[in-house]
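Trainee: I have a new structure to read. Can you take me through it feature by feature?
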Amino acid sequence: MNRSTTKYDYQAILLCIGILLIALNLRLPFTGIAPVLSWIKSEFNLSTTAIGFLTSLPLIAFAVFSPISASIANKFGIERTLFSALIIIALGILIRSGQYSWMLYAGTLFIGIGISFGNVLLPSLIKRSFSKSAASLTGAYSITMGLGGAIASTIVIPLTQLWGWHIALSIFVIAPLLAGIFWIPQLKNHESLKVATNASQSSSSVWKSPLAWQVTLFMGFNAMPFYIAVGWLPTILMSKGLSAAEAGSLHGVLQLATAIPGLILAASLRRMKDQRLAAVIVSLFSAISFVGLVYAPKFAFIWSMLLGFGCGASMMLGLTFIVLRTKSTQDAAVLSGMAQCLGYLLAAVGPMLLGKLFDMFGDWSIPLLVTSVIAVLGAYTGMLAGRNKYI
């Protein structure tokens, strides 16, 4: 019995490590590009609109590929699908670092496709393998995503100054390769997601559920401010007089702060009667931060920290809602695909909308205030999605 228990513990620990290493790749290759957009824009002579589209491209990939992720995992197994996602991310990083503008966009699209599979399937995998500690493990992989983003944003400027942005971005390929090595033992377990059993009935019930739509809108209205900040914060800060290194560091602060909620909320979520108050508060943190960037930019460090905390907590809550608002792995997979498809479709509008508003007004004030309003809408939908109900 002891030997069997030890073997089970070892396998569970190895699976946890693999999950966290995959989580590392769900933000690092995407957010690390923002601090060097000025270099990229200059080298390829890109317009602001083109840069906005580049920033939104992974989100469009999330929206397109999230709905089919569960079906692919059902055919090939969650473990094999996640391993393939790591390969796609690695290829995307290498292609994006090429010498031509079409490679920049193609590689970014590949990265978005790979990340979309991880975004959808990790909550389902956690639901299947760690149902009793789902909230804690969700918090842990949220922390890992934040740390990965912080590392990428902080080191990319010094690396670019040393070797250029092509090499700086290509170094990020280490992350998916490392995760792939640790994930190899999981390939022998290729259990399908089993979404085919009563799949039509499950899908219909989820898509017709008001609660499912509330979870979806909560994720969308909170993802928009986050990815707006991810895409444009360094540019905004540099327009206010900060150097590229300082803007990159604060972009790293934003990413690092997204990891903090995992330390605070993960243990608390299970003890909460519901999550309404938490969802409203963290969304309002984001709203306040954007207002602060407009009227008190000299406190950019504080606003970056508060914004990162608010966005990190709301994203963690959104992922946790997928687990807490469903009773089965099947429903969790369908809700995950729905919420992340439509949520990321909303989020994809954010960076392009902000760029368009900047072109219209020639200033960042109106775009930032509009983003604050979007975060308030996130607070409202969080008040609904946070109720202790099931789909």
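Trainee: Where is Asn45 placed?

Mentor: This is a predicted model, so keep that in mind throughout. Asn45 sits in the loop between helix 3 (37–44) and helix 4 (48–76).

Trainee: What is the phi of Asn45?

Mentor: Phi of Asn45 is near 55 degrees. That is a positive value in a residue other than glycine.

Trainee: Is Asn45 buried or exposed?

Mentor: Exposed means over 50% relative accessible area. Asn45 has 70% relative accessibility, so Asn45 counts as exposed.

Trainee: And what about Ser38?

Mentor: Ser38 lies in helix 3. Its relative accessible area is 37%, so Ser38 is partly exposed. Ser38 and Ile151 are 113 residues apart in sequence. In space they are 19 Å apart, C-alpha to C-alpha.

Trainee: Now charges. How many salt bridges does a search of the whole structure find?

Mentor: One. The side chains of Arg276 and Asp274 form a salt bridge, with N to O at 2.9 Å. The cut-off is 4 Å.

Trainee: How accessible are Arg276 and Asp274?

Mentor: Arg276 has a relative accessible area of 37%, so Arg276 is partly exposed. Asp274 has 18% and is buried. The limit for buried is under 20%.

Trainee: Which side chain of opposite charge is nearest to Arg27?

Mentor: Glu246, and that side chain is 23 Å away. Arg27 is buried yet has no salt bridge.

Trainee: Where is the place of Arg27, and what is Arg27 in contact with?

Mentor: Arg27 is in the loop between helix 1 (2–24) and helix 2 (28–31). Leave aside its neighbours within four places in sequence. Arg27 then contacts Met145, Gly146, Gly149, Phe226, Gln255, Thr258 and Met315.

Trainee: Last topic: helix packing. What describes two packed helices?

Mentor: The angle between their axes and the distance between the axes. Take helix 6 (residues 101–129) and helix 16 (residues 329–361). Their axes come within 9 Å and cross at roughly 155 degrees.

Trainee: How are helix 6 and helix 16 directed, roughly parallel or roughly antiparallel?

Mentor: An angle over 145 degrees counts as roughly antiparallel. Helix 6 and helix 16 are therefore roughly antiparallel to each other. The crossing of helix 6 past helix 16 is right-handed.

Trainee: Which residues meet there?

Mentor: Helix 6 brings Asn119, Val120, Pro123, Ser124, Lys127 and Arg128.

Notes. Residues numbered from 1 in each chain as written. Predicted model: local features only at pLDDT ≥ 70, side-chain atom pairs only at ≥ 80, totals over all residues. Heavy atoms only, no water. Helix = DSSP H or I, 4+ residues; strand = E, 2+ residues; numbered from the N terminus. Buried < 20%, exposed > 50% of the residue type's maximum accessible area, 1.4 Å probe, protein only. Lys, Arg positive; Asp, Glu negative; His and termini not counted. Contact = heavy atoms within 4.5 Å. Axes fitted to C-alpha atoms, helices over the stretch in contact; angles between N-to-C directions. Parallel < 35°, antiparallel > 145°, perpendicular 65-115°, else oblique. Left-handed = near helix turned anticlockwise from the far one by under 90°.
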